[in-house]
Amino acid sequence: MDLYINGTSSISAFDSQQGLRFDNKNRFICIEPDYKLIIDPRQLRRMSRIMRMGLASAIKTLEVASVQTPQAVITATGLGCLDDTGNFLVKMCDPDNRMMNPTAFIQSIHNTMGGQIAMHLKSNCYNNTFTQDVLSFEHALLDAIMLLEAGTIESVLLGGIDELTELKHELTSRLYKAQKLCEGYFGQGEGSAFFSLSSVPSAVKLEAMILSQNSKHGDICDYISNHLALEKKTLILTGKCGDKSDEAYKSLENIFGSTATIDYKKFCGDYPTSCAFAAWLACELLQQKIIFDAIAQPKHIIIYHAYPDRPHTLIHLSGC
Amino acid sequence: MKVFIAGMGVFTASGENCSGNLSALLEKRHGIHASSRDIDTLMGDFPIAKIAYTNNELAAKAGVSTSWPRTALLGVIAAQEATASSGLDFTKYRAGFISGTTVGGMDSTENFFYSYSKNKTAGHISQIINHECGKISHLIAENIQAKDFVTTLNTACSSAANAIAFATRMIKTGRLDIAVAGGTDALTAFTLNGFNTLLLLDDELCRPFDARRKGLNLGEGAGYLVLVSEEIARQNNCPVMAEVSGYANASDSFHQTTLSDEGNGPYLAMESAIKMAGLSAYDVGYINLHGTATPNNDLSEGNAILRLFTDKIPAVSSTKSYTGHTLGASGGIEAVYSVLALFNQTTLPNLRFEISMPGTELIPETEARKIELRHVLSNSFGFGGNCCSLLFSKV
């Protein structure tokens with residue numbers, strides 16, 4: 001069955017008008033919209049930052065897609081609601097000042113965004129949340145594909161969200177230092193990107209998604225070389241981070257040849273569901289809402305992720 | 001294509017494996033013997049269903065590193081039992097591991113934070129590397145050789161049930177031959193304090209579906225099913241225990257932490273799961289309730305059952321009166337319990353029930369009773385309004 005993306009919206013460190021928001025600690029920080037214009041202010045007051053980012057991009061996506069109520073809501077998050085998790089943990093672990101806040105606990109759970117979206121839409125539909133670190137978004141997309149291919153529904157709202165907090169930045173930096181990973185690293189990031197998927201033809205087509213079985217990525221190699229032999233107007237977005245973990249990409253790079261390639265994390269930073277940002281960027285490029293010098297009018301975009309000790313993934317989108 | 005259950009594993013405070021859990025259920029022996037103070041000395045005294053082994057003992061039992069978070073240790077033991085009981089060689093097939101968890105490696109993260117909160121440069125950073133929920137699944141999948149597809153769902157207390165439903169679909173659509181699916185969660189200070197700030201903990205043993213219920217007891221554990229396609233079951237002459245005949249996910253869409261009084265999400269999940277199997281509500285012989293023993297959950301679930309089953313209410317019981325509420329693992333543990341009930345043609349007793357809830361008058365099973373069962377429903381509902389029901393049928 002052919003599947004299409006008929007609407008998308010994202011909050012990230014990159015804005016085609018405002019450029020890139022990159023702070024002095026080498027971090028990609030989201031350029032956030034005026035939420036009051038998108039979410040009821042009474043609701044807004046009780047919402048954490050990641051909830052705002054998620055709900056606002058979900059609402060915008062449905063607006064763009066002219067979908068009132070999707071028939072499924074699927075979210076992906078690698079680390080969940082980190083700010084609330086961190087707040088609750090820090091207070092709990094400080095014996096002298098143990099003022100734990102129930103709201104932080106309630107909102108610390110990974111499915112908080114999915115639940116909020118359902119409540120906002122007053123929808124009883126299918127609702128699921130995937131959290132498989134860097135593969136979370138691809139797995140949520142797989143769920144969406146399976147639901148649509150089953151033919152019982154025709155519209156899915158899908159999103160990937162992760163937030164960067166001071167605590168995460170501090171601890172992850174320590175971890176990277178311990179693992180000597182930081183040299184050349186683009187920086188940590190965050191973002192929320194949502195998509196409306198449908199079986200009804202639309203501007204962007206989902207040509208393929210391939211998840212390799214663990215480290216055997218022959219399928220992905222074959223797919224890319226077969227595709228590139230036929231289609232010259234292709235852009236490849238890679239999930240490279242700038243550091244030595246990029247070595248995992250080496251096995252496929254000779255296949256890319258002279259194909260235009262962009263390391264998309266230079267625009268959003270590194271975070272578990274950054275693949276959602278890449279898919280959003282691909283949709284914008286295919287519809288010429290954003291134009292890059294590397295390739296003026298791509299017809300095909302392949303998003304390729306290679307991870308050390310994890311399955312490789314490919315998402316292929318085309319403009320119609 | 002039909003999806004069958006060819007193996008099971010379960011580890012709770014009331015039993016270390018399937019047979020141990022079944023005898024505890026039939027003999028009405030619960031596992032809620034520890035205190036919240038065993039985990040967090042600063043907390044009030046609440047009963048918890050803690051598995052008596054230390055992390056080092058669990059690691060030795062499982063033959064894995066002592067650095068694994070407790071959630072992974074509990075999970076791998078149940079997953080190893082499930083794998084062994086299936087007798088299947090996973091390396092010959094496309095085998096996946098699909099798991100639900102809510103806390104991930106939180107117990108280890110907490111240890112880091114106890115040092116870090118005193119001194120920002122203290123704490124071993126290696127204690128947080130397995131914090132993410134997905135890391136837990138990765139560790140377990142590698143150990144049981146179910147590595148062709150590994151994913152994790154976190155829909156709060158319905159995580160494991162959603163994992164089983166998703167795994168069934170992966171097999172039905174031909175993407176996997178075998179999936180080990182269920183969930184695992186360890187007790188942590190984080191969840192204990194969280195539920196305590198929400199005033200959801202009972203300071204006595206919990207009483208699901210009783211009029212005087214005051215809240216839940218938290219527990220820990222893991223439960224996994226080995227799901228296989230019809231084809232694989234036939235090829236290998238698998239001892240098939242039941243079929244996954246229906247599953248459904250619905251949002252209650254009412255409130256982040258409470259269910260609607262009329263139980264819209266629970267009703268839709270149960271109704272759709274039964275419909276998927278081409279059955280009517282009358283065909284269900286037993287429901288393993290979500291039954292957390294909070295005033296809100298049991299009333300909402302009870303009302304949904306009354307609306308759906310009207311004049312012919314099946315046998316119902318909540319086995320959280322044995323295991324406590326094991327959060328993200330509960331759907332996996334209770335899936336195993338549901339299949340045990342079906343396979344042994346027995347109801348499972350609900351402990352400490354005396355007075356029915358006003359308005360519903362539902363009376364759960366209080367004795368293990370031999371009964372002819374063809375279809376058993378298992379309910380799981382979570383924060384965020386995430387409801388999931390699974391239907392298991394006799395083969």
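In chain A of this predicted model, residues 24 or more positions apart make up 77% of the contacts with a separation of 6 or more. Chain A holds eleven helices and twelve strands. Its radius of gyration is 19 Å, close to the 20 Å that the globule rule gives for 320 residues, so chain A is as compact as a globular protein of that length. The C-alpha trace of chain A spans about 65 × 50 × 40 Å along its principal axes. Of the 320 residues in chain A, 51% count as buried.

**Domains**

Chain A is divided into domain 1 (3-198) and domain 2 (205-319). For chain B, the domain assignment gives domain 1 (3-236) and domain 2 (242-393). The table sets out the two domain pairs.

| Domain pair | Distance between C-alpha centres | Residues of domain 1 in contact | Residues of domain 2 in contact |
|---|---|---|---|
| Domain 1 and domain 2 of chain A | 22 Å | 43 residues | 30 residues |
| Domain 1 and domain 2 of chain B | 20 Å | 63 residues | 59 residues |

In chain A, 43 residues of domain 1 are in contact with 30 residues of domain 2. Four elements of chain A each supply at least two residues of the side of domain 1 that touches domain 2: strand 1 (3-11), helix 6 (136-150), strand 6 (155-162) and strand 7 (191-198). Helix 6 of chain A gives the largest share of that side, six residues. By class, the side of domain 1 of chain A that touches domain 2 of chain A has 23 nonpolar, 14 polar and six charged residues.

In chain B, 63 residues of domain 1 are in contact with 59 residues of domain 2. On the side of domain 1 of chain B that touches domain 2 of chain B, two or more residues come from each of strand 1 (3-12), helix 1 (18-26), helix 6, strand 6 (178-185) and strand 7 (221-229) of chain B. Helix 6 of chain B gives the most to this side, with seven residues. The residues on this side of domain 1 of chain B divide into 33 nonpolar, 22 polar and eight charged.

**Between the chains**

Contact between the chains involves 46 residues of chain B and 44 residues of chain A. Several elements of chain B each supply at least two residues of the side that touches chain A. The helices are helix 4 (106-116), helix 5 (133-144), helix 6 (159-172), helix 7 (189-197) and helix 9 (264-276). The strands are strand 5 (149-153) and strand 8 (242-251). Helix 7 of chain B gives the most to the side that touches chain A, with five residues. By class, the side of chain B that touches chain A has 17 nonpolar, 23 polar and six charged residues.

**Helix 3 of chain A**

Helix 3 (residues 82-92) of chain A is mostly covered, with eight of its eleven residues buried. The buried residues are A:Leu82, A:Asp83, A:Asp84, A:Thr85, A:Asn87, A:Phe88, A:Leu89 and A:Met92.

**Strand 5 of chain B**

Strand 5 of chain B is mostly covered: five of its five residues are buried. B:Phe149, B:Thr151 and B:Leu153 point one way from the strand. B:Val150 and B:Thr152 point the other way. Strand 5 of chain B runs parallel to strand 4 (residues 95-100) of chain B, and five bridges join the two. In strand 5, B:Thr152 is the bridge partner of B:Ser99.

**Two positive phi values**

B:Gln145 is not a glycine, yet has a positive phi of about 65 degrees. B:Gln145 sits in the loop between helix 5 and strand 5 of chain B. With 14 C-beta neighbours inside 10 Å, B:Gln145 counts as partly exposed.

B:Ala293, also a residue other than glycine, has a positive phi near 85 degrees. The loop that holds B:Ala293 lies between strand 9 (286-288) and helix 10 (295-309) of chain B. B:Ala293 has 27 C-beta neighbours inside 10 Å, so B:Ala293 counts as buried.

Notes:
Residues are numbered from 1 along each chain as its sequence is written. Chains are lettered from A and ligands numbered from 1 in the order in which they are written. This is a predicted model: local features need pLDDT of at least 70, side-chain atom pairs count only at pLDDT 80 or more; totals for chains, interfaces and linings use all residues. Two residues are in contact if their C-beta atoms, placed from the backbone, lie within 7 Å. Ala, Val, Leu, Ile, Met, Phe, Trp, Tyr, Cys and Pro count as nonpolar, Asp, Glu, Lys and Arg as charged, and the others, Gly among them, as polar. Domain bounds come from an automatic or database domain assignment. The radius of gyration is taken over C-alpha atoms; the globule rule is 2.2 Å times the number of residues to the power 0.38. A residue is buried if 20 or more other C-beta atoms lie within 10 Å of its own, exposed if 12 or fewer, and partly exposed in between; C-beta atoms are placed from the backbone. Two strands pair if DSSP finds at least two bridges between them.
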